[in-house]
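Thanks for coming, everyone. I'd like to walk through one model today, so let me put it up on the screen.

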Amino acid sequence: MAHVRTVLFVLLWWAALFGWWLVLIGTNAGLEEIAAACAALLAALLVEGIRRQGLLRYRFEARWLAKTLKVPFKVVQEIVVVFWALALHMAGLRRVSSRYRAFAFPAGDDDPTSAGRRAVASEADALSPNTLPVDIDCERKVALRHELDPRRASDELP
């Protein structure tokens, strides 16, 4: 049974990485597919080695994964915010005044579920053009991020 789980783990990682490669490259040419298959296999085997060492301990909560469904809409909304801030800056009407800001975040502890929550939240926030996650402090239970237009940034991750 353990071998089946290992094969399934590597296969799922391979499929995700293979697909990600093709999305990033933007083509499905034969040579690119071969390169994607090879790179994805090497990366999936590397991930399996890391997992066996106990360094890949994440458990994802359905509630936090569901929050990522709104990320594409947030990205589109924040593209408008960034372009509007840039237009106002270039017109000399308002300077872009970015800042770093810390806000409350349920960071959790050193368990796999908390690590998964931090990973999902920071990766989802990194996709938005107006915000860039910097750090999540588990002791203080705060997240630090950079905001290009702080007036339009929300107080939550993701």
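Let's start with a quick one: is S128 buried or exposed? S128 is buried, because its relative accessible area is 3%, and by buried I mean under 20% relative accessible area, with exposed being over 50% and partly exposed in between, using a 1.4 Å probe and protein chains only.

Before I go on, a word on what we're looking at. This is a predicted model, where local features need pLDDT of at least 70 and side-chain atom pairs count only at pLDDT 80 or more, while totals for chains, interfaces and linings use all residues. Residues are numbered from 1 along each chain as its sequence is written, and side-chain values use heavy atoms, leaving out hydrogens and water.

Back to S128, which sits in the loop between α5 and β2. Those names come from DSSP runs numbered from the N terminus: helices are H or I with at least four residues, strands are E with at least two. Setting aside residues up to four places away in sequence, S128 touches K74, V75 and E78, where contact means heavy atoms within 4.5 Å.

Now α5 itself, residues 112-126. At 1.5 Å a residue, its 15 residues should span 21 Å, and its end C-alpha atoms are 21 Å apart, so the two agree; the expected span is 1.5 Å times one less than the number of residues. What I like here is the burial: 12 of the 15 residues of α5 are buried, so the helix is largely enclosed by the rest of the structure. Among them are charged ones, R117, R118 and D125, going by a grouping where Asp, Glu, Lys and Arg are charged, Ala, Val, Leu, Ile, Met, Phe, Trp, Tyr, Cys and Pro are nonpolar, and the others, Gly among them, are polar. And what do the buried residues of α5 pack against? They pack against α3 (62-67), α4 (71-90), β2 (131-137) and β3 (142-147).

Zoom in on S114, in helix α5. S114 counts as buried because its relative accessibility is 4%. Leaving aside neighbours within four places in sequence, S114 is in contact with A107, G108 and D109. S114 and C138 are 24 residues apart along the chain, and their C-alpha atoms are separated by 9.3 Å.

Most residues other than glycine have a negative phi. K141, in the loop between β2 and β3, has a positive phi, near 60 degrees. K141 counts as partly exposed, because its relative accessibility is 34%.

Last stop, the other end of the chain. Helix α2, residues 30-52, has 23 residues and reaches 33 Å from first C-alpha to last, close to the 33 Å expected. Its buried residues are A36, A40, A44, V47 and E48, and what covers them includes α1 (2-25). After α2 comes G54, with a positive phi near 80 degrees.

How do α1 and α2 pack? Their angle is about 135 degrees, with the axes 8 Å apart; axes are lines fitted to C-alpha atoms, for helices over the stretch in contact, and angles run from 0 to 180 degrees between N-to-C directions. That makes α1 oblique to α2, since under 35 degrees is roughly parallel, over 145 roughly antiparallel, 65 to 115 roughly perpendicular, and the rest oblique. By class, their contact has 19 nonpolar, 1 polar and 5 charged residues.
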